[in-house]
Amino acid sequence: MMRIGAIVDQVTGFIAERLPLDKMSYKSLVAKKEVPLHRMSWAYYMGGLTMFFLLIQVVTGLMLLFYYKPTVSEAHASVELITEHVTGGALIRNLHAWSSSFMIACVLVHMLTTFAMKAFDKPRELTWITGVLLLFITFGFGFTGYLLPWNQIAVNATKVGLQSVEELGHYLPGQMSKWPTLLRETFQGEASIGQSTLSRFYVLHVVILPLVLAGTLSIHLLSVQLHGMSQGVDEKPTRFERFFPFFILKDFKLWGAIFLGVFIVALCLPFEAFFAFPLAEPFNALGSTPEGIKPEWYFYFVYYPLELLPFWVVLLSMTVVKAGLFLTPWIFRGTSRRTLRLLAIAAATYLIVITLFGQDIYNAVKGVK
Ligand code: HEM
């Protein structure tokens, strides 16, 4: 009993130190909030920008809900109705699709820059851990949203994704080997992808993930507010800028300029223009699987290794990366920002190369002309 009491005290003590709510006051949260000025100061905009893309997702997503129908027989037709007959529907749908990609790109840059700036260091461990959860939630939005238009690429790519989950079972011992199948069945809801899968993905995408995101983001932002911005560079910054009103006005200026850019892209470039025929056609359960089934670009970092390397190698690397992300504040406690910057640059280089050239690498390795 004593042991449990001591563990609970340790956990609550850890949380109380990371979320010092007693220090909350107008002075600390607003009047005294400052942003350090140094060569990495641009990185302090990335979290806000991610939040701005999230806001676009919420607003456009709610608008799409007015017309979208989450049934196997109507989903594709309702999406077509939005694109072709609803006033401004194509623009809203494109904004939602483009901004999801920009949000993921932004959250990755935000993660790499906060890592390089050692913003995860004590007392910001909780900010970092909630950040890692937000990253997974954001990927969860991408994975579940992809299925909703119920077209060929959506259903077939989701099938491949769910099959990969099941494959994990071959590498787990004893009873644990059944867990991935159980997980796949829970998400799929029936023997093969169908109405139950669509219903579950829909509920995850529009109810469960938004609720989990709202809770996690609240803790993330609260801890950022309570601790103020991190130092960011190895040498102590000597110049600072007041957050209210100066930094936040620059935030708004950046959001305005970015929105103009995204608006123009959404107006001129339909997201589906990137899908070759017949990938955007309604899913045909009786037809054969078309060529070119792939996940969204932001899953290429795991998709191409899965295509090229033995499954266990990718599984092991991803497990190490995931565990490493959660334990970052403890693993890299004594590491200099210079080394962290090099690691962040290496990770960014991998992500950019595999995303842009994954297909070429695949063709070269497999000898495809
Ligand atoms: C939905 C996703 C996310 C949103 C909306 C978000 C939002 C924000 C905002 C608004 C800030 C304050 C401004 C800034 O420093 O940029 C911030 C700070 C921070 N975020 Fe995130 N974030 C998200 C995901 C992540 C991820 C994936 C990580 C890392 C794994 C992360 C780690 C941090 C850290 C450590 C800070 C403190 C920065 C400092 O004190 O200098 N966040 N976040």
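Angles between helix axes, the axes being lines fitted to C-alpha atoms over the stretch in contact, run from 0 to 180 degrees between N-to-C directions; those under 35 degrees count as roughly parallel, over 145 as roughly antiparallel, 65 to 115 as roughly perpendicular and the rest as oblique. The model shown here is predicted: local features need pLDDT of at least 70, side-chain atom pairs count only at pLDDT 80 or more, and totals for chains, interfaces and linings use all residues. Residues are numbered from 1 along each chain as its sequence is written.

**View 1. Helix H5 (89-116) beside helix H13 (residues 337-366).** Helices are DSSP runs (H or I, at least four residues), numbered from the N terminus. The axes of this pair come within 8 Å and cross at roughly 160°, so H5 and H13 are roughly antiparallel to each other. Leu108, Leu112, Phe115 and Ala116 of H5 meet H13 residues including Arg337, Leu340 and Leu351 (contact: C-beta atoms, placed from the backbone, within 7 Å).

**View 2. The surroundings of Phe115.** Leaving aside residues up to four places away in sequence, Phe115 touches Phe120, Thr328, Leu340 and Ala344.

**View 3. The shell around the ligand.** Here 26 residues surround the ligand, and Gly47, Gly131, Leu134, Leu135 and Ser230 are the closest (near: C-beta atom, placed from the backbone, within 6 Å). Helices H3 (46-65), H5, H6 (125-147) and H9 (195-227) each give two or more residues to this shell. Which helix provides the largest share of the shell? That is H6, with 7 residues.

Notes: Contact = placed C-beta atoms within 7 Å.
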